[in-house]
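Open the structure in your viewer and keep the selection tool ready. The stops below go from a pair of helices to some aromatic rings.

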Amino acid sequence: MNSESIQQSNDSAAVNEALANKDFVEGRFAAATRAYVALLDRHPGRLDIIARLGYLDLLANHSDSAVARLSHVLEHGMRTRSILSHLAEAYCRRGDLGHAALCYQQLGRDGLAGTLAAMAGLEVFRIDDAAASACLDLSVAEPLPVIPALVNGIEANLVVDTGAGDCVLDMHFAVSAGVRLGGQEWRDFAGGHRAQVTHAHLQQLDMDTVSIQDLPVQVLDLQPAFGGWFPGRTIHGIVGISVLSLFDCTLDYQTGRLLLQPCVAADPRQDGTPIWLAENRMLLTHVDFPLLREALMFIDTGMTGRMFAVPETLGAALGVEPDRDQALVGTGGAGDVHGRGAYASRLRLGGKEQSNATGLLLPSLSIETAFGYRIHGLIGHDLLRGSRLRLDFTRMQLGIV
């Protein structure tokens, strides 16, 4: 090959890498994965490409391949906080809490590391009967869905919230239910608030006929989040993605039920909208706005009062119209969240299309560019009301009708 051909080949490779990076930054993860695989075929020693593919494995919830790729780049000298963090989460998702604890310890998250290390010998998230399924009537549907459950045998009311990565319990209730408390750390919540979280070991969670043993959970004071929302009813905790993703899960707002069924082998004949799990099991998918198709959004069923929320800086690009006279205050996990009203003439999520969708413009969105790609905002409970939302964590797709 002459020098001109070599230069053309190098230029082509640079263009392909730039396109792969653009796909990743814009949240086109399937296209980015294909492009990075092709680049790795040409440059098999590129640790940065292997690390990026490891993170894309994590997003696709392929924890085994994520561990293989991320541990490979660590062993070969590419040691960064983001790689350690991604590897720690991949270990957690496949139940290897001992190795996860070592990673978190190196990241300085000693409270979480110590709690996970104490659970390292357990088979976490163990379902007593792998074939068991549950059909739970929602005890409350509004303003958020609530299910009855048993926490260490004690009756509890739990909010179903895809915006929570972990199962979360109220501190006073957790103590009374004998939950084993572990280390603490400060965490960021909506609206830029910070709160102290206690990591803990829940021995048993029962939901109808489904019994789950040995769950890592978070414990904090939930009263600022739910105080006054459910008159005459105490909320004891939140069921998040760490539990919901153990099942083929359907949140049926039409009939007021939560269906939990065993995960089954993927059926290629079925079609749905792709989903991904980012850091802390953050559930992401694409939503069509008036001026932007396939905007990457966080599905947060714990947000109520509005169908969506986006930062003010992205409102115009999405085609979101502000209501300049309407100031709003919402509630996050650790305090008030301020914004102003807005609407979108059309939203489309999977098979559901909504006209004149009400929304919220936020002064800022902490997760917008925190992970190296843009998250345009949040989709909340109000858009899903009256729908049937199925989350298939085997095929990593959602269906909504």
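This is a predicted model: local features need pLDDT of at least 70, side-chain atom pairs count only at pLDDT 80 or more; totals for chains, interfaces and linings use all residues.

**Stop 1**

Now show both helices whole: α5 covers residues 81-93 and α6 covers residues 97-106. Two packed helices are described by the angle between their axes and the distance between the axes. Here the axes come within 8 Å and cross at roughly 160°. Angles over 145 degrees count as roughly antiparallel, so α5 is roughly antiparallel to α6. The crossing of α5 past α6 is left-handed.

**Stop 1: aromatic pairs**

How many aromatic pairs does a search of the whole structure find? The search finds 10. For one of these, select Phe226 and Trp229: their ring centres are 5.8 Å apart and their planes are at 80°, so the pair is edge-to-face. Is Phe226 buried or exposed? Phe226 counts as buried because its relative accessibility is 11%. Trp229, at 23% relative accessibility, counts as partly exposed.

Next, select Phe371 and Tyr373. The ring centres of Phe371 and Tyr373 are 6.1 Å apart, with the planes at 45°, so this pair is tilted. Tyr373 has 1% relative accessibility and therefore counts as buried.

Technical notes: Residues are numbered from 1 along each chain as its sequence is written. Side-chain values use heavy atoms; hydrogens and water are left out. Axes are lines fitted to C-alpha atoms, for helices over the stretch in contact, and angles run from 0 to 180 degrees between N-to-C directions. Helices (H or I, at least four residues) and strands (E, at least two) are DSSP runs, numbered from the N terminus. Angles under 35 degrees count as roughly parallel, over 145 as roughly antiparallel, 65 to 115 as roughly perpendicular and the rest as oblique. A crossing is left-handed if the near helix is turned anticlockwise from the far one by less than a right angle, and right-handed if clockwise. Rings of Phe, Tyr and Trp (its six-membered ring) pair if their centres lie within 6.5 Å; planes under 30 degrees apart count as stacked, over 60 as edge-to-face and the rest as tilted. Buried means under 20% relative accessible area, exposed over 50%, partly exposed in between (1.4 Å probe, protein chains only).
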